Amino acid sequence: MYAILFDIDGTLVLTGGAGQLAFAQTFAEDFGIDEISRGVPFAGRTDRAISLDLMRVHGIEPNEANWTRFREGYLQRLPSALAQRIGEVLPGVGPLLDALEQRTELVLGLLTGNLERGAQLKLGHYGLAERFAFRGYGDHSVSRDDVGADAVTHARQHAADRGEELTGMMVIGDTLHDITCARSVGAYAVAVATGSPSRSELMQQGPDLALDDLSDLDPVLAAVDACMATRSRPR
């Protein structure tokens, strides 16, 4: 079984900044921070890492109690934020998922820094929630690489449940963190320039394949065929 793991924000969908809006509302209403620092990066990082960094910057103790308080407030506000902002499923995503789902030797999963419930809310809002068999989330890790390792564990278990073995993985994402995470688990790295980094910036990180978007299915499908032929196993 070969696994293809997708990032969410900037790869599958654009939410119009709904996640950042829910972050800002939670810090404002639950922690008294009128405006969150723009110096804390969001792209490609886990929700846990982002929120704890924002706490440190704003003088809030980054302990488990405050993390829980943030998580609950954020998830409560995210549906409203999604409804307020204009977003979209990115070009080519639907046809690519359709094409990959036709192949029984493949399985689709998620590798995202989103909280599990946050990922479900975002994907549900855009009609994609039921298309992924297993997931790696950002609930418990500050490192994207740790989320990747967790996704590998879930992929292996999914393969075992099917009486198969995991033979390889591909990670598709839009940030430098997606590329380095793919490398950390021995996966083939596909970078799409549909998020904040440009294609040239992504290329500097050395992905196996770099695309402007996913509207042309052929390069991705050809890469899948080539990877499956080598049958290299993830770490």
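Q: What should be kept in mind about numbering and confidence here?
A: Residues are numbered from 1 along each chain as its sequence is written, and side-chain values use heavy atoms, with hydrogens and water left out. The model is predicted: local features need pLDDT of at least 70, side-chain atom pairs count only at pLDDT 80 or more, and totals for chains, interfaces and linings use all residues.

Q: How many residues does helix 6 have?
A: Helix 6 spans residues 144-161 and has 18 residues. Helices (H or I, at least four residues) and strands (E, at least two) are DSSP runs, numbered from the N terminus. From first C-alpha to last, helix 6 reaches 26 Å, close to the 26 Å expected at 1.5 Å a residue; the expected span is 1.5 Å times one less than the number of residues.

Q: Which residues of helix 6 are buried?
A: R144, V147, G148, A151, V152, A155 and A159 are buried. Buried means under 20% relative accessible area, exposed over 50%, and partly exposed in between (1.4 Å probe, protein chains only).

Q: Why are they on the same side of helix 6?
A: They cover an arc of only 145° around the axis, which puts them on the same side of helix 6. The arc is that of the directions from the helix axis to the C-beta atoms.

Q: And what does the face turned away carry?
A: That face of helix 6 carries the exposed residues T153 and D161.

Q: What lies at the start of helix 6, and what follows it?
A: At the start, a side-chain oxygen of S143 reaches to within 3.1 Å of the backbone nitrogen of D145. Helix 6 is followed by G163, whose phi is positive, near 75°.

Q: Turning to the sheet, what is the strand order?
A: Six strands form an open sheet in the order 5-4-1-6-7-8, with parallel pairing. Two strands pair if DSSP finds at least two bridges between them. Strand 5 and strand 8 (209-211) stand at the edges with a single partner strand each, so one side of each is left without a neighbour in the sheet.

Q: Which strands does helix 6 touch?
A: Helix 6 packs on the sheet, touching strand 1, strand 4, strand 5 and strand 6; contact means heavy atoms within 4.5 Å. The direction of helix 6 makes about 160° with that of strand 5. Axes are lines fitted to C-alpha atoms, for helices over the stretch in contact, and angles run from 0 to 180 degrees between N-to-C directions.

Q: Why is helix 2 described as largely enclosed?
A: Eight of the 11 residues of helix 2 are buried, so helix 2 is largely enclosed by the rest of the structure. What covers its buried residues includes helix 1 and helix 3 (64-84).

Q: Is M55 buried or exposed?
A: M55, in helix 2 (residues 47-57), is buried, with a relative accessible area of 0%. Leaving out residues up to four places away in sequence, M55 touches F27, F31, I60, E61, P62, N66, W67 and F70.

Q: What does the side chain of T26 reach?
A: T26 lies in helix 1 (residues 18-31), and its side chain reaches the backbone oxygen of A22 at 2.8 Å. The side chain of T26 also makes a polar contact with the side chain of R77 (3.4 Å). A polar contact is a pair of N or O atoms within 3.5 Å; within protein, one must be able to donate a hydrogen and the other to accept it, and residues adjacent in sequence count only if both atoms are side-chain atoms.
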